[in-house]
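Here are some notes for a first look at this structure. Please keep the model open while reading.

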Amino acid sequence: MKIICNGEEQEVRTECTVSELIVSLGLKPETVVVECDAVILKLDEYPTRQLHEGSRLELIHFVGGG
Amino acid sequence: MLTIAGRIFHSRLFGGTGKFSSPQVMKDALEASGCEMVTVALRRIDLKNPEDDIMSMLDRQRYLFLPNTSGARDANEAVRLAHLARASGGGNWLKLEVTPDPRTLLPDPVETLKAAEELVKDDFIVLPYINADPILALRLQDVGTAAIMPLGSPIGTNQGILTLPQIEIIIEQARVPVVVDAGLGAPSHVAQAMEIGADAVLVNTAIAVAGDPVKMARAFAQAVEAGRTAFESGLGKKSSRAEASSPQVGLEFLR
């Protein structure tokens, strides 16, 4: 199925969880903030939260700033 | 010692984490600065080129994170960034900044006040970045911000304190700590801020882009100390007339 992640279309398997997606992108879940369909997820929701066709995700992290 | 929202800071210099040439230089410079609070920003991860995770470079026992809302153009965007920062384990401290004009990066007073009110109600410890406007500073304190962060000059300009008379009024009226932020380009600028009674200063660009950021961080730390000590010592009054430092008597033998 297709989802939109950080503005770009991605193909993921059906029932893919947020954790699986993050790991498949080479990222560590604890360093990523996830907004899924405009709702901010808690870290402990990542392993169980399943994505759906057309889910819109924003993966955010801390960067240097002033 | 400085206390903000019940937390004690031994250093009155706060650091930024942007613009450093590498995470290692950032880490070393922050250590040399002695600062205990550092600002961080939130951005979308570039999935094709994920940057180093700066969280892992910084010891959370040593530094309190002050996530900023940089990039927010209105109150809604700032509030959204604040919630993302808190969700990411950034704590509930927040440097609130709302800068709708990318050319000047000057803060929007109306949207900043609006966002501050909402975020304070939502249990954030809000440190708002504002133009040096004494009335706005009062209004923000009224809604419960933990500090006030007036700008010396626009972000990243290294122009020093162009807003001195207004900052003096803000300090005189303040019921919460005043942190001079933005535009502080040289140790003399932060010394000046501390001499007039600012409680702390926030410096990013001037340290990050210095030829030797680690050495420059040390210089800024020394200037903060010097300025604060001078303020506590009580500076002499300014005078328009000359007043001799040497005695004016006992000169008869010359004439």
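Contact here means heavy atoms within 4.5 Å. The model is predicted.

1. Start with B:Ser11. Leaving aside neighbours within four places in sequence, B:Ser11 is in contact with B:Ser33, B:Gly34, B:Cys35 and B:Glu36. B:Ser11 sits in a loop of chain B, between β2 (7–9) and β3 (13–16).

2. Is B:Ser11 buried or exposed? The cut-off for buried is under 20% relative accessible area. B:Ser11 has 12%, so B:Ser11 is buried. The side chain of B:Ser11 also reaches the backbone nitrogen of B:Leu13, at 3.1 Å.

3. Turn to the sheet in chain B. Its 3 strands are in the order β6-β7-β8, the sheet is open, and the pairing is parallel. β6 (93–96) and β8 are the edge strands; each has a single partner strand, so one side of each has no neighbour in the sheet.

4. Look at one pairing up close. β6(B) and β7 (residues 125–130) of chain B run parallel and are joined by 4 bridges. Within this pairing, B:Trp93 has B:Ile125 of β7(B) as its bridge partner. Helix α3 (residues 109–121) of chain B lies across β6 and β7, at about 175 degrees to β7(B).

5. Finish at B:Ile148. This residue lies in the loop between α4 (134–142) and β8 (149–150) of chain B. B:Ile148 counts as buried because its relative accessibility is 0%. Not counting residues up to four places away in sequence, B:Ile148 touches several residues, among them B:Pro128, B:Ile130, B:Leu140, B:Ile170 and B:Val178. From B:Ile148 to B:Val25 is 123 residues in sequence and 29 Å in space, C-alpha to C-alpha.

Definitions and conventions: Residues are numbered from 1 along each chain as its sequence is written. Chains are lettered from A and ligands numbered from 1 in the order in which they are written. This is a predicted model: local features need pLDDT of at least 70, side-chain atom pairs count only at pLDDT 80 or more; totals for chains, interfaces and linings use all residues. Side-chain values use heavy atoms; hydrogens and water are left out. Helices (H or I, at least four residues) and strands (E, at least two) are DSSP runs, numbered from the N terminus. Buried means under 20% relative accessible area, exposed over 50%, partly exposed in between (1.4 Å probe, protein chains only). A polar contact is a pair of N or O atoms within 3.5 Å; within protein, one must be able to donate a hydrogen and the other to accept it, and residues adjacent in sequence count only if both atoms are side-chain atoms. Two strands pair if DSSP finds at least two bridges between them. Axes are lines fitted to C-alpha atoms, for helices over the stretch in contact, and angles run from 0 to 180 degrees between N-to-C directions.
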